[in-house]
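Have a look along with me.

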Amino acid sequence: MAEPIRVLLVDDHQVVRRGLRTFLEVQDDIDVVGEAADGDSCVERAEELRPDVVLMDVRMPGSDGIDALRRLRERGNPARVLVITSFTERRTVVPALRAGASGYVYKDIDPDALAGAIRSVHAGHILLQPEVADALLADEPGEGAPGRAGSLTEREREVLGLIADGHSNREIARTLVLSEKTVKTHVSNILMKLDVVDRTQAALWAVRHGLT
């Protein structure tokens, strides 16, 4: 039997953390290993506990979730970060994704869907609630969008679409009947052509410019 997914809860409201813990602890495959109330303690606890997934709000007193995301990435912490928040504005969504979040959901999400989201980001997928994608699509494509999209080959566009749909390299390889090494090469070319630093930003770019 697979090891349970180790989750760190990060929210400045104790009642929210308690509610999340109460629900998640009844899941057979999820283990809440710790809690934190702000960005600073999140980074410290993540280094200490090495969770698989950090379930984190973005707006907190002092050091917020965006800062914590950047610091976790700078330290090379392998935890996947799933943002759970009540803030729906693009000015919150986009910085979180650019800082390295693997998913973004709202606090009104169905509890079972939240457990599924944790499993999804743990599996290596990028997850956006439909409302989040709608918020991103509300922004008009930049002037460089047509040119950058046109520089992609047909195969690279296929790979990019699957990345945006949340598929891992292994799943993309199976879907397109390619080797994982070939998929990695395509991903590297996509990142270079789009001038983005990781697959999360590539997925965000694809969603914003209608390539999904």
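My entries below go from the overall chain to single pairs of side chains.

**Ground rules.** I am working with a predicted model, where local features need pLDDT of at least 70 and side-chain atom pairs count only at pLDDT 80 or more, while totals for chains, interfaces and linings use all residues. I number residues from 1 along each chain as its sequence is written, and my side-chain values use heavy atoms, with hydrogens and water left out.

**Overall chain.** I looked up the secondary structure and found 11 helices and six strands (DSSP runs numbered from the N terminus: helices are H or I with at least four residues, strands are E with at least two). The protein chain has 212 residues, and 50% of them count as buried (under 20% relative accessible area; exposed is over 50%, partly exposed in between, with a 1.4 Å probe and protein chains only). I then checked contacts (heavy atoms within 4.5 Å): of those with a separation of 6 or more, 68% are between residues 24 or more positions apart. The accessible surface is about 10,400 Å², and carbon and sulfur atoms hold 49% of it (Shrake-Rupley method, 1.4 Å probe; for residues, only the protein chains shown count as cover).

**Aromatic rings.** My search gave one aromatic pair (rings of Phe, Tyr and Trp, the last by its six-membered ring, with centres within 6.5 Å; planes under 30 degrees apart are stacked, over 60 edge-to-face, the rest tilted). The ring centres of Tyr104 and Tyr106 are 6.0 Å apart and the planes stand at 90 degrees, so I logged the pair as edge-to-face. Both Tyr104 and Tyr106 are buried.

**Salt bridges.** I counted 13 in the whole structure (a side-chain nitrogen of Lys or Arg within 4 Å of a carboxyl oxygen of Asp or Glu).

- Asp40 bridges to Arg71, with the closest N and O atoms 2.6 Å apart. Asp40 is in helix H2 (residues 39–49) and Arg71 in helix H3 (residues 65–74), so the pair ties together parts 31 residues apart in sequence. Asp40 is partly exposed at 35%.
- Glu156 bridges to Lys193 at 2.8 Å between the closest N and O atoms. This pair links helix H8 (residues 154–164) to helix H10 (residues 180–194), 37 residues apart. Glu156 is buried at 3% relative accessible area, while Lys193 is partly exposed at 27%.
- Glu48 bridges to Arg45 at 3.1 Å between the closest N and O atoms. Both lie in helix H2, three residues apart, about one turn of the helix. Glu48 is exposed at 54%, and Arg45 is partly exposed at 26%.
- Arg17, Arg21, Glu25 and Glu35 are joined in a salt-bridge network.
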